Amino acid sequence: MTHRMPLWRTAPAFYQAQLKLTLAAKKGLGDEVLAELVVLRASQLNRCAFCIDMHVRNLREAGVDQQRIDLLPAWEEAADLYSERERAALAFTEAVTVLTDGFVPDEVYDRAAAHFDEAELAHLLAVIVAINNWNRVNVTVRQPPGAEL
């Protein structure tokens with residue numbers, strides 16, 4: 001596929017705002033590996049090759065076991081590889097990202113709320129919203145994996 005436009009260079013104020021949003025969201029969550037699992041899963045759902053490539057590399061650099069990275073699309077079946085907190089975050093990520101029924105089910109929200117205090121849950125939601133923004137832009141402009149922004 002051909003890269004359509006260098007949006008992040010064309011709209012640098014938008015890029016800086018998006019970057020600040022992402023950094024603030026992740027900082028408030030406080031668990032970098034969890035944040036990377038969440039953004040990788042959302043990127044997989046959104047089929048964003050650029051972001052998948054980036055977040056797989058980030059997880060490897062953080063020392064995450066390759067099996068946990070490889071089996072993330074099947075995290076429910078491979079549940080013993082992920083903590084209950086991670087599974088709650090991944091279920092929340094999928095519900096917020098896909099929104100197939102037009103809402104996040106109460107049981108998914110409640111499951112996440114049982115593992116994250118209110119501030120952490122707010123930041124988890126912000127991380128999910130931020131990566132969905134990145135994904136939508138990068139998929140639309142066909143940002144190639146490994147490219148500089």
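I began with the length of helix 3, residues 32-45: at 1.5 Å a residue its 14 residues should span 20 Å, and the end C-alpha atoms are 20 Å apart, so the two agree. The expected span is 1.5 Å times one less than the number of residues. Helices here are DSSP runs (H or I, at least four residues), numbered from the N terminus.

This is a predicted model, in which local features need pLDDT of at least 70 and side-chain atom pairs count only at pLDDT 80 or more, while totals for chains, interfaces and linings use all residues. Residues are numbered from 1 along each chain as its sequence is written, and side-chain values use heavy atoms, with hydrogens and water left out.

**Helix 3**

I looked up burial next. Buried means under 20% relative accessible area, exposed means over 50%, and partly exposed lies in between (1.4 Å probe, protein chains only). Eleven of the 14 residues of helix 3 are buried, so the rest of the structure largely encloses it. I listed them: Leu 34, Ala 35, Glu 36, Leu 37, Val 38, Val 39, Leu 40, Arg 41, Ala 42, Ser 43 and Gln 44.

What do the buried residues of helix 3 pack against? I found helix 2 (12-29), helix 4 (49-61), helix 5 (66-70), helix 6 (84-98) and helix 8 (118-141). Contact means heavy atoms within 4.5 Å.

Then I checked the ends. Asp 31 caps the N-terminal end, with a side-chain oxygen 3.3 Å from the backbone nitrogen of Val 33. After helix 3 comes Arg 47, with a positive phi near 55°.

Arg 41 lies in helix 3. Is Arg 41 buried or exposed? I read a relative accessible area of 9%, so Arg 41 is buried. Its side chain makes a polar contact with the side chain of Glu 94, at 2.8 Å. A polar contact is a pair of N or O atoms within 3.5 Å; within protein, one must be able to donate a hydrogen and the other to accept it, and residues adjacent in sequence count only if both atoms are side-chain atoms. Leaving out residues up to four places away in sequence, Arg 41 touches Leu 72, Pro 73, Trp 75, Leu 90, Thr 93 and Glu 94.

Arg 68 lies in helix 5. Arg 68 is buried too, at a relative accessible area of 15%. With residues up to four places away not counted, I noted Val 33, Leu 37, Leu 81, Tyr 82 and Glu 86 as residues that Arg 68 touches.

**Helix 4 against helix 8**

Helix 4 has 13 residues and reaches 18 Å from first C-alpha to last, close to the 18 Å expected. Its buried residues are Phe 50, Cys 51, His 55, Val 56 and Leu 59. Their cover includes helix 2, helix 3, helix 5 and helix 8. Gly 63 follows helix 4, with a positive phi near 85°.

I then took the pair. The axes of helix 4 and helix 8 come within 8 Å and cross at roughly 130°. That makes helix 4 oblique to helix 8. Phe 50, Cys 51 and His 55 in helix 4 meet Ile 131, Trp 134, Asn 135 and Asn 138 in helix 8. I sorted the residues of this contact: four nonpolar, three polar and no charged.

**Asn 133**

My last stop was Asn 133, in helix 8. Asn 133 is partly exposed, at 31% relative accessible area. Its C-alpha is 8.0 Å from that of Gln 18, 115 residues apart along the chain.

Conventions:
Helix = DSSP H or I, 4+ residues; strand = E, 2+ residues; numbered from the N terminus. Axes fitted to C-alpha atoms, helices over the stretch in contact; angles between N-to-C directions. Parallel < 35°, antiparallel > 145°, perpendicular 65-115°, else oblique. Nonpolar A, V, L, I, M, F, W, Y, C, P; charged D, E, K, R; others polar.
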